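Have a look at the sequence and the model first, then read on.

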Amino acid sequence: GHGAMSMDDMVKDMRNRFVVAAIFSVPILLWSPIGRDVLGFEVAAPLGLRDDVWMLLLSLPVIFYSSFIFFDGAVRALKARTLDMMVLVAAGSFSSSDTSARQKSDDSTSVGRKCLDAKVDFPDPEGPTRTTSDRCGNLSVI
């Protein structure tokens, strides 16, 4: 954490973490569906990797370096048996990074209508409420 740092050192550390996150966000954006479909970015991911794997590799420094202060604070809060903003931010950071690795590929099939842009399966209201793919979650229509 920043407990033993002076205010100037803490500001420099947070600025450096932000700069790393900002720098990595540019290529992450370019290889994302927004970069491909909206911005028209057509360069293949390096080393023959799929776009989602490449974006996962690019996001690791952001998650583990830039967001470390939140994970560290969350661990300390949970050890103290309390919930605070560090726990909230750490949970949000981790869950948002986790979903990119679990996005479904275009070749998966399901029962119901497929929302191609968001890569989410919506069940047909007249049919079953479970998808046939075991790689995606279940969505119930109420």
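S66 sits in helix α3, which covers residues 51-66; helices here are DSSP runs of H or I with at least four residues, numbered from the N terminus, while strands are E runs of at least two. This is a predicted model, where local features need pLDDT of at least 70, side-chain atom pairs count only at pLDDT 80 or more, and totals for chains, interfaces and linings use all residues. Residues are numbered from 1 along each chain as its sequence is written, and side-chain values use heavy atoms, leaving out hydrogens and water.

Back to S66: its relative accessibility is 10%, so it counts as buried (under 20% relative accessible area; exposed is over 50%, partly exposed in between, with a 1.4 Å probe and protein chains only). The side chain of S66 reaches the backbone oxygen of R17 at 2.8 Å. Setting aside neighbours within four places in sequence, S66 is in contact (heavy atoms within 4.5 Å) with R17, V20, A21 and P61.

What about the rest of α3? Still, α3 bends by about 30° at S59, with a proline, P61, following within four residues. That bend is the angle between axes fitted to the seven residues ending there and the seven starting there. The buried residues of α3 include W54, M55 and L58.

Those three turn up again in the largest nonpolar core, whose six residues are W31, F41, A45, W54, M55 and L58. A core like this is a set of buried Ala, Val, Leu, Ile, Met, Phe, Trp, Tyr and Cys residues joined through side-chain atoms within 4.5 Å.

The structure also holds two aromatic pairs. Rings of Phe, Tyr and Trp (its six-membered ring) pair if their centres lie within 6.5 Å; planes under 30 degrees apart are stacked, over 60 edge-to-face, and the rest tilted.

| Pair | Type | Centre to centre | Angle between planes |
|---|---|---|---|
| W31 and F41 | edge-to-face | 5.0 Å | 80° |
| W31 and W54 | edge-to-face | 5.9 Å | 80° |

W31 lies in the loop between α1 (7-30) and α2 (33-38), and F41 in the loop between α2 and α3, so their pair ties together parts ten residues apart in sequence. With W54 in helix α3, the other pair links parts 23 residues apart. Together, ring pairs join W31, F41 and W54 into a cluster.

Key: Polar contact = N/O pair within 3.5 Å; in protein donor to acceptor, adjacent residues only side chain to side chain.
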